[in-house]
Amino acid sequence: MDHFEFDKDQFRKRTLELVKLDSKVTIEEATPEQIYKAVGFAIKEQIIDAWIDTRKRAREQDSKMLYYLSMEFLMGRALGNNIINIQAQKEIKEVLDELGVDLNLLEDQERDWALGNGGLGRLAACFLDSLATLGYHAYGCGIRYKYGMFRQKIENGYQKEVPDNWLRIANPFEVRRDQHKKEIKFGGYTRYETDANGRPCYVQEGYQSVWAVPYDMPVIGYGNGVVNTLRIWSAEPMEDLDLTSFGNGDYENAAKQENLAETICKVLYPADNHYAGKELRLKQQYFFVSATIQRAVERYKETHSDVRKLYEKVCFQMNDTHPTVAVAELMRILLDEEKLEWDEAWEITTKTCAYTNHTIMAEALEKWPIDLFQRLLPRVYQIIDEINRRFVLEIRNKYPNQPEKIEKMAILYNGQVRMANLAIVGGFSVNGVAQLHTKILENQELKDFYQMMPEKFNNKTNGITQRRFLLHGNPLLADWITNKIGDGWITDLSQLKKLEPYADDPQAREEFRRIKHQNKLRLAQYIRDNNHIEVNPDSIFDVQVKRLHEYKRQLMNILHVMHLYNKLKDNPNLDMYPRTFIFGAKAAAGYVNAKLTIKLINAVANVINNDLSIHDKIKIVFIEDYRVSNAEIIFPASDVSEQISTASKEASGTGNMKFMLNGALTLGTMDGANVEIVQEVGEENAFIFGLSADEVIAYEHNDQYNPMQIFNHDEEVRRVLMQLVNGFYSPDNPDLFRPLYDALLNGKNSARPDTYFILKDFRSYEAAQQRVEAAYRDTEKWTRSAILNVANAGKFSSDRTIQEYVDDIWHLDRIRM
């Protein structure tokens, strides 16, 4: 089966039957939600044979298996994407039309799967799509969160976190797999004994444990019959309710097991600014990693007799530092359960585990207090202690009389377990996710490791799946491209290069503009429905949507908007092209300045959007609860892609690629993958500004930057900053935004003032914005650049990224279907 056999008549029949069986109504009486579930189940029935067949053929062909370990999988919605990948849009739409059902309405019944938050999780989702489409057998492995991170509500301009109850509607695509559940142990102590052969054994006792129960979701390859699996683990109690305790009125103790299990999978990234939060995060990480590795070794042994060759058929890819306890857990299983000697187990582990670093920010290189780690995972800690002891000896032998090397590279140091160091020492590959990011890792952040083991380091520039973010998200542009160059781009994005001649074709440019306008009308309607703001679709849609973090500099963006508003107020006749500034971002619940930035954006919007004197030359929109499904509406409508992180801080970014693929022009620093976007499209088709990465790093080292000098000498900048503290945007509480003012001029918590060089880059950013406006006024030239952005986006497909991982790291074979 090298493609999907879709049975239209069977689909129609089963949809009608499933509506009755599940909801006890006819199709005419059913709600859109009830029909959505029936359609989802009917589609799952259509692909179930291919799902089983994929697993069967992979086993028959003895294919190497990839386990992609990630705390996050930001999948979005499944229904529309699955319909596209089985290539049944036409047939399904015809059936639903006959039944009087709107497919778009059905898609809207599905909540985005609350399994991720930011770029890390979305990358993982794109990778799973590409692995299936390219025909490689893989499991994505994570946690089945009940509430995800949170659903964002904006109330009085403030972010409010509410539970994202995405499982309220049963997920029609998931399959519970009780037969593969695994016991996960926490706490207790380790007892040492010897077996009958005198071999040392370690037994964990006095522990608490939970069941890890897998739920499998299909990941469908585009048109090739391959169905891989996203396996997310749910925690369940080892025993049911203790009825004796319950009967005696001891309700808390009666439900102790149940509460332990439920807490583990409740939310993604619980706040860790207290001990209990740290403990829960570590529990989560060990929970899904241990379950995955237990099952992976078990599965391997079902068809192979020698566990010493595990690395030939299994690879664990650790997506950032969250799953890096995998190194020690694999060692535990090989030592304690498979009874291997240390050197044998270490050789297998270091040939099986690989690590992707996703950040230059030290805060994301996880470190755990030793006392917490030792108490929660006593046997795993013993193994890490021994790995560290042996590695420190290696360092001393290679670098005698250089104790600073141990300080930087040891896994256990200063009362902490340093997980990135464990991943590097215990894996065979360490990759960055953009050329600049990898260079910074090698030359700065992980310099000592790179000098000691350079063969492990490599770059794999991130990518995105065009099937989600163009074929599904922007059908008008997708059809236009297919009409021009055929549909080969759907599985080979490099074919977009064939669009380049159309950039110089006036008729093609006019068609492209009409498509962009239609997409802007769609977004304007979304904003009208959700924000109750009227925006001008003929204005420049200037968009920054991404996780809220100070280094991403949403603050610089809104400060510039405040500056533009000042200029307009000073000169109401200023010739300014109408601009709609669109933001979308979630801030971590405990990240005070990030949440205050959201409030500032909304406070500025409240003033500017209601000022009739500026004649709608500026509008500001904050999109509530930014997620994959509304991103698919935002990207196609965007004119300007704001990628304005402080140079050297963004590992890669993938939103920049999604904007580019949909014909937006990049306004950005030379940071992350922006560098490679400019290499592909040419600097004349982007707007680059700001300090370079080398300049930022130099300032950080020489401490020569003083933002107060800018404040004192630049009257317009000073005016904007004073509006943060004089009540201009917060008349009821003039000091509301003082923490942002202080962070820029006085520093905070011992950090340097203006840590992310917002004021240093401000005038360069303003000049770039002026170039944007001038360029947009030249309609034909702007459209030419937009088409060239699409035409040169081919490099940024996750298909290319995955093939590089396969060739250089994983060494997988395609499944023969």
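Here are a few friendly notes on one helix pair and one group of salt bridges in this predicted model.

1. Let me start with helix 10 (residues 275-303) and helix 12 (residues 326-337), whose axes are 10 Å apart and meet at an angle of about 45 degrees. The two helices are therefore oblique to each other, and helix 10 passes helix 12 in a right-handed crossing.

2. Now to the salt bridges, of which the structure holds 77. One of them joins aspartate 112 to arginine 77, at 3.5 Å from N to O. Aspartate 112 sits in the loop between helix 5 (103-107) and helix 6 (119-134), and arginine 77 in the loop between strand 1 (65-69) and helix 3 (79-85), so the bridge ties together parts that are 35 residues apart in sequence. Both partners are buried.

3. Have a look at arginine 111 too, which forms a salt bridge with aspartate 625 (3.9 Å, N to O). Arginine 111 is in the loop between helix 5 and helix 6, while aspartate 625 is in the loop between strand 20 (618-623) and helix 25 (628-637), so this pair links parts 514 residues apart in sequence. Arginine 111 is partly exposed, at 30% relative accessible area, whereas aspartate 625 is buried, at 5%.

4. Aspartate 625 also bridges to arginine 627 (3.5 Å, N to O), a residue that is partly exposed at 24%. Through shared partners, Arg77, Asp108, Arg111, Asp112, Asp164, Lys586, Asp625 and Arg627 form one salt-bridge network.

Definitions and conventions:
Residues numbered from 1 in each chain as written. Predicted model: local features only at pLDDT ≥ 70, side-chain atom pairs only at ≥ 80, totals over all residues. Heavy atoms only, no water. Axes fitted to C-alpha atoms, helices over the stretch in contact; angles between N-to-C directions. Helix = DSSP H or I, 4+ residues; strand = E, 2+ residues; numbered from the N terminus. Parallel < 35°, antiparallel > 145°, perpendicular 65-115°, else oblique. Left-handed = near helix turned anticlockwise from the far one by under 90°. Salt bridge = Lys/Arg side-chain N within 4 Å of Asp/Glu carboxyl O. Buried < 20%, exposed > 50% of the residue type's maximum accessible area, 1.4 Å probe, protein only.
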